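This report covers aromatic ring pairs and their surroundings. The sequence and model come next.

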Amino acid sequence: MARPIPDTVPENLAELPVDLLPLHSPGSGAELWTCELHGSVYPVQPILAPSPAVLASVVYRSQVPLWLPWPLPHRWVFSGVAYAGDNHTGARATVMAASGPSPFGGEGDMLLIAEEMGIGLGARFAGLTGPDPGPIFEDTAAHAKVYAAGRPTPMWSVPDTGDRAVFVGEARGMWLWLVLWPALAGTLLYEDMVLTDLRDAGSEIAHLPVGSLSPRFFA
């Protein structure tokens, strides 16, 4: 039976009481959760520390892309993965993390989110209150472009996101979000960034440079 969860999730999941955490281990048999406002929702599974084996297991079960720059920017590394979904249908939203030097000094972090419409995981990491970016597509032309699975993909900058740069577009019929810290790291999108869906990467996953778990999963 689905259990209720709070409609508003705090910025840091650690602030939630343990029995209300919207997290389950992959073997816990978790199905859809329910929300009083939004009905059935996919549970967010535990954040997974970066390793090729862990990533391959998520790739195998995912129904949506797992986007990552390919090749990664110089000295950047894969730094974790998370997903929302249940044990029957697999991942319906994915979050890939990469970390490395920011273009203007210091450390940089990037989250790449692919999700079906209406899930809202990208908006959560973007710091937005609703499940989607709002009417920005109607208000302005695209601000940047990436190449996702070989296709030019327009990306719109989401305003008023504070300490992070947020871009959103659509690729392979799903939302594509890029969330970057610090905000100046958003300039990486003006360098013809090429994204690969790791479901297409095959054995190349074993050669990804791996770092430590990104703190931005808890931002």
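Trp175 is buried, at 14% relative accessible area (buried means under 20%, exposed over 50%, partly exposed in between; 1.4 Å probe, protein chains only). The model is predicted: local features need pLDDT of at least 70, side-chain atom pairs count only at pLDDT 80 or more, and totals for chains, interfaces and linings use all residues. Residues are numbered from 1 along each chain as its sequence is written, and side-chain values use heavy atoms, leaving out hydrogens and water.

Phe137 is partly exposed, with a relative accessible area of 29%. Phe137 and Trp175 form a stacked aromatic pair, 5.6 Å centre to centre with 15° between the planes. Rings of Phe, Tyr and Trp (its six-membered ring) pair if their centres lie within 6.5 Å; planes under 30 degrees apart count as stacked, over 60 as edge-to-face and the rest as tilted. Phe137 sits in helix H3 (residues 136-139) and Trp175 in strand E10 (residues 174-181), so the pair joins parts 38 residues apart in sequence. Helices (H or I, at least four residues) and strands (E, at least two) are DSSP runs, numbered from the N terminus.

## Cluster and count

Ring pairs connect Phe137, Trp156, Trp175 and Trp177 into a cluster. The count is 5 aromatic pairs.

## Phe125 and Phe217

The ring centres of Phe125 and Phe217 are 6.5 Å apart and their planes stand at 80°, so this pair is edge-to-face. It links distant parts of the chain: Phe125 is in helix H2 (residues 121-126), Phe217 in the segment after strand E11 (194-197), 92 residues apart. Phe125 is buried at 6% relative accessibility. Phe217 is buried too, at 2%.
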